[in-house]
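Please open the model in your viewer and keep the selection panel at hand. The tour goes from the whole chain to single residues.

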Amino acid sequence: MEVQGKIKMIGETQTFGNNGFRKREVVVTTEEQYPQHLAIEFVQDKTDLLNNYQVGQNVKISINLRGREWTNPQGEVKYFNSIQGWRIEDLQPESSTDGMPPVPPVEAFEPADNLNEEDHDDLPF
């Protein structure tokens, strides 16, 4: 699965336990009618993928959904979900350097004043 949006926050790398488990979180805001602020975690060696990104960049992140079951000390079973990123790509804003020539401004076009209303066109509508 993939998520696209603008980076709102990049957290510091956190280390847990004796094994040195590493986790780093990024929050991405989607650009849709109702924007969502999605916290996506990168773990272990994937935390370094965030080093080259900054707040405000538009990105596409490849994700996996993770879920786990936990039983608390009172015996109640709880379920938790997380979004785990494994790849991040910069999305360049659309520009005129994508192979398309730039469109001249409207002022560059002269109005057509030689139209003859009597001419019949061959359009079917």
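**The whole chain**

Among contacts in the protein chain (heavy atoms within 4.5 Å) between residues at least 6 apart in sequence, 49% join residues at least 24 apart. This is a predicted model, in which local features need pLDDT of at least 70 and side-chain atom pairs count only at pLDDT 80 or more, while totals for chains, interfaces and linings use all residues. Residues are numbered from 1 along each chain as its sequence is written, and side-chain values use heavy atoms, with hydrogens and water left out.

Colour the chain by pLDDT, the predictor's confidence in each residue from 0 to 100: the average is 86, and 74% of the residues score at least 70. Where pLDDT is low, the predicted coordinates should not be read in detail.

Switch to a cartoon, and the protein chain shows six strands and zero helices, both taken as DSSP runs numbered from the N terminus (helices H or I, at least four residues; strands E, at least two).

**The hairpin**

Select residues 58–71 and 77–90, which are strands β5 and β6, paired in the antiparallel sense over 13 bridges; two strands pair if DSSP finds at least two bridges between them. Threonine 71 has valine 77 in β6 as its bridge partner, and in the turn of this hairpin, where five residues lie between the strands, glycine 75 has a positive phi of about 90°.

Now show the side chains of tryptophan 70 in β5 and phenylalanine 80 in β6, 10 residues apart. Their ring centres are 6.3 Å apart and their planes lie at 55°, so the pair is tilted; rings of Phe, Tyr and Trp (its six-membered ring) pair if their centres lie within 6.5 Å, with planes under 30 degrees apart counted as stacked, over 60 as edge-to-face and the rest as tilted. Tryptophan 70 is partly exposed at 42% relative accessibility, as is phenylalanine 80 at 37% (buried is under 20% relative accessible area, exposed over 50%, partly exposed in between, with a 1.4 Å probe and protein chains only).

**The core**

Next select Val26, Val28, Ile40, Phe42, Val59, Ile61 and Ile88, which touch the most other members of the 13-residue largest nonpolar core, a set of buried Ala, Val, Leu, Ile, Met, Phe, Trp, Tyr and Cys residues joined through side-chain atoms within 4.5 Å. Strands β1 (2–10), β3 (21–29), β4 and β5 each supply at least two residues of this core.

Finally, centre on valine 59: leaving aside neighbours within four places in sequence, its contacts include Val3, Ile7, Val28, Tyr53, Ile88 and Leu91.
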